[in-house]
Amino acid sequence: MPSEKQAAVKYYVGVDVGSASVRAALVDGAGTVVAHAEQPIQVWEPRPDHYEQSSADIWAACCSVTKEVVRGVDARQIRGLGFDATCSLVVVDKQFQPLAVNSEGQSHRNVIMWMDHRAASQVKRINATQHRVLSYVGGAMSVEMQPPKLLWIKENLPESWEKVGYFFDLPDFLSWKATGVTARSLCTVVCKWTYTSDKGWDDTFWKMIGLEDLVKDKYEKIGNHVLSPGEAVGKGLTAGAAEELGLPEGIAVAASLIDAHAGGLGVIGADVKGHNLPCENQPISSRVAMICGTSSCHMGVSETPIFVPGVWGPYFSAMVPGLWLNEGGQSATGKLIDHVVRGHVAFPELEAKAEASAHSIYTYLNSHLDLIKKSLPVGFLTVDLHVWPDFHGNRSPLTDLTLKGMVVGLTLSRGLDELALIYLATIQAIALGTRHILEAMQAAGHEITTLFLCGGLSKNPLFVQMHADITGKPVVLSKEVESVLVGAAILGACASGDFASIQEAMAKMGKIGKVVQPNHEHKRFYDKKYEVFLKLVEHQREYRSIMNSL
């Protein structure tokens, strides 16, 4: 029999839908992950730049992992449920059945993923309008946002468009599945759909871009009932969803967050006392949360709106209630590292040696770099090797999806040493891209002193150290590596009423694990690397201009 103390523990379930998998965690009121489960989900890539998923597949995975983490737990101790997910577009008909987002008519593939770039011509036309709502997305809308994808569907899939009942951002689809309520989160509609917290939808924008149909039904298809993140949705978990998820009927379900924003929530509000950090005794606006996985997002908050060219926002109350959010980002980071490493001719050798040593390929590469560095600092190995990391376009601060990746300094070497060096140069390029984003934010008025990292790449010590050295700022890692899941659980905790506010839950459930300081002796080297980095994009634009003159 559990003791009275055990019986008194309150738990919250956080569910995170990433690009390639769904994860769930059972989290207690102190922010400790008690149980964790993960299940892969399917991704279809029917043609270049088209990425699709299935909402049924995603929901089935949500149910499976949630059942796993609550198995054996007294249902009375589970107080709330929070979801986060990628900002992918879910399309269903008036009966909430999936509709095809592809020319093949495969209706089970009814999700256009966040990283899908099929709507390039549509976003170009939208940006040409120079409509006032674009000032809240850094001056130019990204192809990864929802309006260009909606326009693409209308123009390319008229049959699906006519049958549409609802368009959901994936986080809102999940809260609907759990509660039966079609309310949208302020986070999703503000950050990805052009809604503003003070004025709501702007009819003139939708009419100007050719989507006046959405205005006619008072925005029922994209959401006319908006809740703040963490606010309780409807009457809680429905009987049907409770059975599917293995949770008690009626427990609180929170208005959701985009995955990066959940990660920000899980780390940015942590108590930093006693760690000798420059952000101690400073407002939360001195911090940037960096959520780094398949892609990376850079979340900075401010008490007043700050307009940063090339950086999304300012969004009011989209992550932390009462504060404005700016969101920088890199469209491919973990995906880029994987692409570079696995595509190298020496990858089979790396894979075999890593397996023989019982290490991951990245742990092995980090060790190999230590072997070949000799007397040099590891980072200095790339003095003649430079990467521009925009293999999937630039999200921030250049907002140019047509930019391509570049590598300068290749040799005829095909061995493991060369693979390790290109891996290192790629990580450095991603960190240099972060510096580029932070400099744009600081030039516009942000005062940033400290980085808070979470997500899969934050588990790689080389990635973390390069970000500290290249930005010159200390990096804080959370005690719980699964900060995104903690952020989702914080939402459930707030919806349950056990915490008075998101801010209180952030402070109590977000915990610091480790601080990585920059090596200031390496500053001159990385300043020079940054000079080269900026020259690379100059050269790319120059040679493209030459070729475009044909």
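A salt bridge is taken here as a side-chain nitrogen of Lys or Arg within 4 Å of a carboxyl oxygen of Asp or Glu. By that rule, aspartate 400 forms a salt bridge with arginine 541, with 3.8 Å between the closest N and O atoms. The structure is a predicted model, in which local features need pLDDT of at least 70, side-chain atom pairs count only at pLDDT 80 or more, and totals for chains, interfaces and linings use all residues. Residues are numbered from 1 along each chain as its sequence is written, and side-chain values use heavy atoms, with hydrogens and water left out.

It is worth looking at where the two partners sit, with helices (H or I, at least four residues) and strands (E, at least two) being DSSP runs numbered from the N terminus. Aspartate 400 lies in the loop between β18 (386-388) and β19 (406-408) and arginine 541 in helix α19 (residues 523-548), so the pair ties together parts that are 141 residues apart in sequence. Accessibility is classed with a 1.4 Å probe on protein chains only: buried means under 20% relative accessible area, exposed over 50%, and partly exposed in between. Aspartate 400 is buried at 16% relative accessible area, while arginine 541 is partly exposed at 38%.

The structure holds 26 salt bridges. One of them joins the side chains of glutamate 327 and lysine 192 (3.9 Å, N to O). Glutamate 327 belongs to strand β17 (residues 324-330) and lysine 192 to helix α7 (residues 186-193), so this pair links parts that are 135 residues apart in sequence. Both glutamate 327 and lysine 192 are buried.

An α-helix has 3.6 residues a turn, so residues three or four places apart point the same way. Arginine 435 is buried, with a relative accessible area of 14%, and glutamate 439 is partly exposed at 35%. Elsewhere, salt bridges that share partners join Arg47, Glu52, Glu104, Arg109, Asp116 and Arg118 into one network.

Turning to the domains, whose bounds come from an automatic or database domain assignment, the protein chain is given domain 1 (11-255) and domain 2 (334-430). Their C-alpha centres lie 34 Å apart. The contact (heavy atoms within 4.5 Å) takes 10 residues from domain 1 and 5 residues from domain 2. Buried area is the accessible area (1.4 Å probe) that two parts lose on being put together, summed over both. Domain 1 and domain 2 bury about 620 Å² between them, with 63% of it on carbon and sulfur atoms. On the domain 1 side, Met115, His117 and Glu144 lose the most area to domain 2, together 46% of what that side buries.

The rule finds 1 salt bridge across this interface. The side chains of glutamate 144 and arginine 395 also meet in a salt bridge (2.8 Å, N to O).

Helix α6 (residues 170-179) is mostly covered, as 9 of its 10 residues are buried. Among them are Leu170, Phe173, Leu174 and Trp176. Just after α6, glycine 180 takes a positive phi of about 80°.
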